[in-house]
Amino acid sequence: MANQAESTKAPASAFDVIIIGSGAAGLTAALELATSKRVLVLAKGSLTGGSTAWAQGGIAAVLDAGDTFENHVRDTMVAGAGLNDREAVEFVIERAPESIDRLVELGVPFNKDSGDLHLTREGGHSHRRIVHVDDATGWAVQEALLNAAKASPNITMLGGRTAIDLITDRNREHYSGAGHVWGVYALNEETGRVERHLARATILAAGGAGRVYQFSTAPRGATGDGIAMAWRAGSRVSNMEMMQFHPTCLYNLEVKNFLITEAVRGEGGRLFHPETGHRFMADYDKERMELAPRDVVARAIDDQIKRFGLDYVHLDISHQPPEFVREHFPTIHEKLMGLGIDMTKEPIPVVPAQHYTCGGIVVDLHARTDLPGLWAAGECTESGLHGANRLASNSLLECFVFGEAAAEDILVKWDELLEPPAILPWDESRVSDSDEQVVIKQNWTEIRRFMWNYVGIVRTTKRLERAANRIALLRQEVEEYYGSFVVTTDLIELRNLLQSAELIVQSALTRKESRGLHYTMDYPELKTSVRDTVLVP
């Protein structure tokens, strides 16, 4: 916390806007703002450590003559089980082609077919509309955005900065409860010191909370930092129970979190019981089979594994020509060959894993949060686009559209935004170095295990209540630890993981129906009324 005894006036900020996160949403906003403003981008760990670089599939956009915006809107709403905000869905989808054009201008080498962009199809889509760079689209996008940001004299990027808490009016020299956000306290991972970063406007683009689960395709740093910080600062969060589980993560005891993209099923991959050879998706969704939305496929695989005591199921695309498979999925093919699996000749063992946080910080179409001075974009938000389940390849798209929206809104409102007031420095006067790192590791492991077992693909009220009880016990322990010892990245992440877990469980207990990604055996029916789960601090 800030030290009331130290009342040195904070120096004027060297930056106009602070962006927390260096993925697609953060860098899109930075590039737009940098035309006239000085921008600071902060990243935990490396600048490429976020989820953007991990995205395999692609970006959804209506680019084919036989496709329409209305088709894409309908597919998104169907996948989202009607919980989507139609205005937000239309807002994003109508801006998708422009986003692709900007990426092409930045040099993203999208696959071509006879001179036009090659479009693939994924589960839940009625048409081919996924632009991609082989099966490593995210890395190509991340690289292009980073190169453009590095070339901009108005953008400063600092890796190795773990955001701790947003700086609000509560941290002013002259305390105020107004709730305005003025920047962020961040840990310099190299020096171990906490820095104050101040600006007129702050954008949270800190990614999701996937690592709250034992099995996840999310990167190591996806610990719900942005969601937890915004909640502590006073922002509402919405639909946190809507955690997407990707149906097909590679099952391998030595290689964790390797995703087998949705596009494998989009290009003809089939799911089989590994012992009987039964193509089981016909038992769950006869019409769409493997192209059903992710929640349907994930529950089907989960049911097969639990019912028959399996470790995994088989995903098989070996019926396609070998050159077709190698051409479409070079990264996956190479990775699997290194593990002794030839996907052109044999099936891939797969299991579901947490994949995407569909809920998050409540934002409007301008990417504004409840807190003045704070905008948010990307996976840390709940914009209304995804509803109860994200449609494949709509995630990067949301980052581009809302990153742009945040930047545009800040530029429009610039003359109304005030210079930061004098802010108190971080207080380390009452803490010491910890000699008990095992406490952090133990609690981290415990959270991820009970979240997987109690708050996973299929839920019950009893399981959720057990998780809530564990969270209540851990909260006391973690807060006591946090108040006693010098902050480290591991401790900051543990605090945020626990807060994210609590928000997920609270939201899941609130929803008394099964809709989209939230499936509870106690309330298997769908309610006629459609309502967001909104939590207020």
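Predicted model: local features only at pLDDT ≥ 70, side-chain atom pairs only at ≥ 80, totals over all residues.
I started with Cys 358, which turned out to be buried, with a relative accessible area of 2%. Next I counted disulfides, taking sulfur atoms within 2.5 Å as the cut-off, and got zero. Cys 358 is in no disulfide, and its nearest cysteine sulfur, in Cys 399, is 12 Å away. Then I checked Cys 380. Its closest cysteine sulfur also belongs to Cys 399, at 8.8 Å, so that is too far for a bond. Cys 380 is buried too, at 0% relative accessibility.

**Helix α6.** Is α6, residues 225–233, buried or exposed? I found nine of its nine residues buried, so the rest of the structure largely encloses this helix. The buried residues include Trp 231, Met 229 and Ile 227, and also the charged-type names Asp 225 and Arg 232. Just past the end of α6, I noted Gly 234 with a positive phi of about 120°.

**Helices α12 and α13.** How do these two cross? I looked up α12 (residues 437–454) and α13 (residues 461–484): their axes come within 10 Å and cross at roughly 165°. That makes α12 roughly antiparallel to α13. The crossing is left-handed. I then listed who touches whom: on α12 the contact includes Ile 440, Ile 447 and Phe 450, while on α13 Leu 464, Ile 471 and Leu 474 are among the residues taking part. Sorted by type, the contact residues come out as eleven nonpolar, three polar and five charged. Among the charged ones I noted Glu 446 on α12 and Arg 470 on α13.

Conventions
Residues numbered from 1 in each chain as written. Heavy atoms only, no water. Axes fitted to C-alpha atoms, helices over the stretch in contact; angles between N-to-C directions. Helix = DSSP H or I, 4+ residues; strand = E, 2+ residues; numbered from the N terminus. Parallel < 35°, antiparallel > 145°, perpendicular 65-115°, else oblique. Left-handed = near helix turned anticlockwise from the far one by under 90°. Contact = heavy atoms within 4.5 Å. Buried < 20%, exposed > 50% of the residue type's maximum accessible area, 1.4 Å probe, protein only.
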